[in-house]
Number of protein chains: 2
Amino acid sequence: MRPRLDDLADDCTVEAAMEVIGGKWKLVILRHLLDGTKRFGELDRALPGITPRMLTRQLRELEADRLVLRTVYPQVPPKVEYSVTEIGQSLRTLVDQLEQWGHFYRRSLT
Amino acid sequence: MRPRLDDLADDCTVEAAMEVIGGKWKLVILRHLLDGTKRFGELDRALPGITPRMLTRQLRELEADRLVLRTVYPQVPPKVEYSVTEIGQSLRTLVDQLEQWGHFYRRSLT
DNA sequence: CAGGATCCCCGGGGATACTG
DNA sequence: CAGTATCCCCGGGGATCCTG
């Protein structure tokens with residue numbers, strides 16, 4: 001039985017989605033932003049272990065993928081806020097479900 | 001407002017889940033196995049672009065993480081079947097939802 | 001048929017120091 | 001405060017060839 005042509009497209013869809021949310025800190029950042037708009041420093045402090053460099057990179061990628069909105073307030077000292085876009089919002093149930101599954105998975109291990 | 005301690009645990013849960021399903025071919029393989037038990041060669045043919053080496057590696061990791069069951073039939077020529085475990089089954093809705101979101105995401109781009 | 005062995009490359013990710 | 005600039009490392013992933 002040959003695979004249907006649709007499988008190829010669906011596989012690509014799943015792979016594409018993984019590329020967008022597959023970064024090491026992407027979903028963790030998203031989880032925090034889904035609780036509300038946050039500043040760079042807040043995220044930095046909320047994510048123990050992340051470096052400013054990585055935080056910047058992941059945020060920029062999330063922004064490029066239109067999941068996160070970056071708002072710069074032209075003032076001194078600088079103030080930058082990050083929030084989730086509508087597309088980012090659409091990931092809420094997925095993130096929640098991934099977390100649920102994570103718990104289930106941990107409980108399932110012997 | 002300090003982050004709640006729970007956030008740390010939940011972040012870890014999400015990250016742990018991503019480690020299990022984050023391999024490049026993991027979910028794609030899972031998608032095919034969720035349609036039914038398949039042999040090595042079937043998967044190899046069903047996944048254009050994958051090499052035998054990568055297929056083996058990802059399958060072994062899925063097996064180690066208890067998402068996939070590997071059944072060897074001691075005969076010549078060799079026959080090996082792969083199927084999803086109960087834990088693997090528990091990912092079905094997640095994979096489906098990821099695919100749904102992938103479609104939504106593509107439609108959302110401009 | 002179902003892999004194993006080898007070799008290789010790129011880039012995601014990290015550590016540290018510096019700046020408008 | 002919110003990042004840049006460098007440097008570096010590891011390993012995920014790929015290509016190719018071989019085998020019980």
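The questions and answers below concern a predicted model.

Colleague: How many aromatic pairs does the structure hold over all chains?

Modeller: Over all chains, one of the pairs is formed by Trp101(A) and Tyr105(A), with 4.9 Å centre to centre and 15 degrees between the planes. In chain B, Trp101(B) and Tyr105(B) form a pair as well. The number of aromatic pairs in the structure is two.

Colleague: Is the pair of Trp101(B) and Tyr105(B) stacked, edge-to-face or tilted?

Modeller: The ring centres of Trp101(B) and Tyr105(B) are 4.9 Å apart, and the angle between the planes is 15 degrees. Planes under 30 degrees apart count as stacked. The pair of Trp101(B) and Tyr105(B) is therefore stacked.

Colleague: In which helix of chain A do Trp101(A) and Tyr105(A) both lie?

Modeller: Trp101(A) and Tyr105(A) are four residues apart, about one turn of the helix. The helix that holds both spans residues 92-108 of chain A, and its name is H6.

Colleague: Is Tyr105(A) buried or exposed?

Modeller: Residues under 20% relative accessible area count as buried. Trp101(A), its partner in the aromatic pair, has 5% relative accessibility and so counts as buried. Tyr105(A) has 8% relative accessibility, and therefore it counts as buried.

Colleague: Over the ring of which residue does the charged end of Lys79(A) sit?

Modeller: The charged end of Lys79(A) is 4.9 Å from the centre of the ring in question. In chain B, Lys79(B) lies over the face of Tyr73(B), at 4.9 Å from the ring centre. For Lys79(A), the residue is Tyr73(A).

Colleague: What is the area buried between chain B and chain A?

Modeller: The size of an interface is often given as the accessible area lost when the parts come together. The contact here takes 41 residues from chain B and 42 residues from chain A. Carbon and sulfur atoms give 69% of the buried area, which is about 3,800 Å².

Colleague: How many salt bridges are counted between chain B and chain A?

Modeller: One salt bridge joins the side chains of Asp11(B) and Arg31(A), at 3.0 Å from N to O. The elements that give two or more residues to the side of chain B that touches chain A are helix H1 (5-21), helix H2 (26-33) and H6 of chain B. The residue pairs in polar contact between the chains, both at pLDDT 80 or more, number eleven. The count of salt bridges is four.

Colleague: Is the peptide bond that joins Val76(A) and Pro77(A) cis or trans?

Modeller: Most residues other than glycine have a negative phi, and most peptide bonds are trans. Pro77(A) lies in the loop between strand S2 (68-73) and strand S3 (79-84) of chain A. In chain B, the bond from Val76(B) to Pro77(B) is cis. With omega about 0 degrees, the bond joining Val76(A) and Pro77(A) is cis.

Colleague: Is Arg66(B) buried, partly exposed or exposed?

Modeller: Arg66(B) lies in the loop between helix H4 (52-64) and S2 of chain B, and has a positive phi of about 65 degrees although it is not a glycine. Buried means under 20% relative accessible area, and exposed means over 50%. Arg66(B) has a relative accessible area of 48%, and therefore it is partly exposed.

Methods:
Residues numbered from 1 in each chain as written. Chains lettered and ligands numbered in written order. Predicted model: local features only at pLDDT ≥ 70, side-chain atom pairs only at ≥ 80, totals over all residues. Heavy atoms only, no water. Phe/Tyr/Trp six-rings, centres within 6.5 Å; stacked < 30°, edge-to-face > 60°. Buried < 20%, exposed > 50% of the residue type's maximum accessible area, 1.4 Å probe, protein only. Lys NZ or Arg CZ within 6 Å of the ring centre and 35° of its normal. Contact = heavy atoms within 4.5 Å. Buried area = accessible area lost by both parts, 1.4 Å probe. Polar contact = N/O pair within 3.5 Å; in protein donor to acceptor, adjacent residues only side chain to side chain.
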